[in-house]
Amino acid sequence: MSTMSWTDIKSSWSSTWSSLHERAKATYDAAIRTNPSAYRDKVVAFVSLLTESRASLDRIKAQLATVDDPELQAKAQELESRYATLAAGVYADAKPADTVGVAPLVVGGVVVAGVLISVAGIAWAVAAYQYAVNLREHTGLLDKELAARIEASRSGRTLPPSSIPPQPNPIDEARSMGVWLLGGLTLAAAALAVPILMKRG
């Protein structure tokens, strides 16, 4: 990872990502402050997706050292950039949980893996969740493709060009943000009354 802090990475976001962040806060802020615990499982799942992606990216980096393929190098860099963007949204305002044995629920945020995630970070985890799912899938695909190419190279075989699609761009999604965030808020309101147990990855 870069030596830049999550705050630095967040400050360098494009206007589209910044817009997504601001709309997420505006839409979810009140509901999150009313009942942060309704969102903790979503944050845990989001962080788990990032953790899986990070593990794949680390393996990808090691594999790329033995593969001379500019196209795959570019795809790996794109995935690294997307990981940094998504992680910055949840970690830029996060703080270490100072109290040993602190409850997983704190006014104004939730504690996940010993880190207090802010209201803004929670809103980001909800709004950007599908991007994190997509990142996990794409890093997993590239990880497997590189392993296959290394094996093919060792056995003298040639594989066709990579078929991994590019990462989705949030520009189009941002245009319809008000619509699907509104739908998400409706679901969130329902979650306040009926707790939904999410499978943790």
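Predicted model: local features only at pLDDT ≥ 70, side-chain atom pairs only at ≥ 80, totals over all residues.
Student: What else describes how helix 3 and helix 6 pack?

Tutor: Their axes are 8 Å apart. The crossing of helix 3 past helix 6 is left-handed. The residues of this contact comprise 15 nonpolar, five polar and five charged.

Student: What makes T139 buried or exposed?

Tutor: Its relative accessible area is 0%. Buried means under 20%. T139 is therefore buried.

Student: Where does T139 lie, and which residues is T139 in contact with, leaving aside neighbours within four places in sequence?

Tutor: T139 is part of helix 6. With those neighbours set aside, its contacts are S53, S56, L57, I60 and L79.

Student: How do you know whether T66 is buried or exposed?

Tutor: T66 has a relative accessible area of 59%. The cut-off for exposed is over 50%. T66 is therefore exposed. T66 sits in the loop between helix 3 and helix 4.

Student: How far is T66 from L146, in sequence and in space?

Tutor: In sequence, 80 residues separate T66 and L146. In space the gap is 9.6 Å, C-alpha to C-alpha.

Student: What makes the phi of A113 worth a remark?

Tutor: Most residues other than glycine have a negative phi. A113 is not a glycine, although its phi is positive, about 55°. A113 is found in the loop between strand 3 (109-112) and strand 4 (115-118).

Student: Why does A113 count as exposed?

Tutor: Its relative accessibility is 74%. Exposed means over 50%.

Student: What makes up the largest nonpolar core?

Tutor: The largest nonpolar core has 48 residues. V43, F46, L50, L86 and W124 have the most contacts inside it. At least two residues of this core come from each of helix 2 (15-34), helix 3, helix 4 (70-91), strand 3, helix 5 (119-127) and helix 6. Helix 3 gives the most, with 10 residues.

Student: Which residues does L86 touch, not counting those up to four places away in sequence?

Tutor: On that count, L86 touches W17, F46, L50, W124, A128, Y131, A132 and L135.

Definitions and conventions: Residues numbered from 1 in each chain as written. Heavy atoms only, no water. Axes fitted to C-alpha atoms, helices over the stretch in contact; angles between N-to-C directions. Helix = DSSP H or I, 4+ residues; strand = E, 2+ residues; numbered from the N terminus. Left-handed = near helix turned anticlockwise from the far one by under 90°. Nonpolar A, V, L, I, M, F, W, Y, C, P; charged D, E, K, R; others polar. Buried < 20%, exposed > 50% of the residue type's maximum accessible area, 1.4 Å probe, protein only. Core = buried A, V, L, I, M, F, W, Y, C linked by side-chain atoms within 4.5 Å. Contact = heavy atoms within 4.5 Å.
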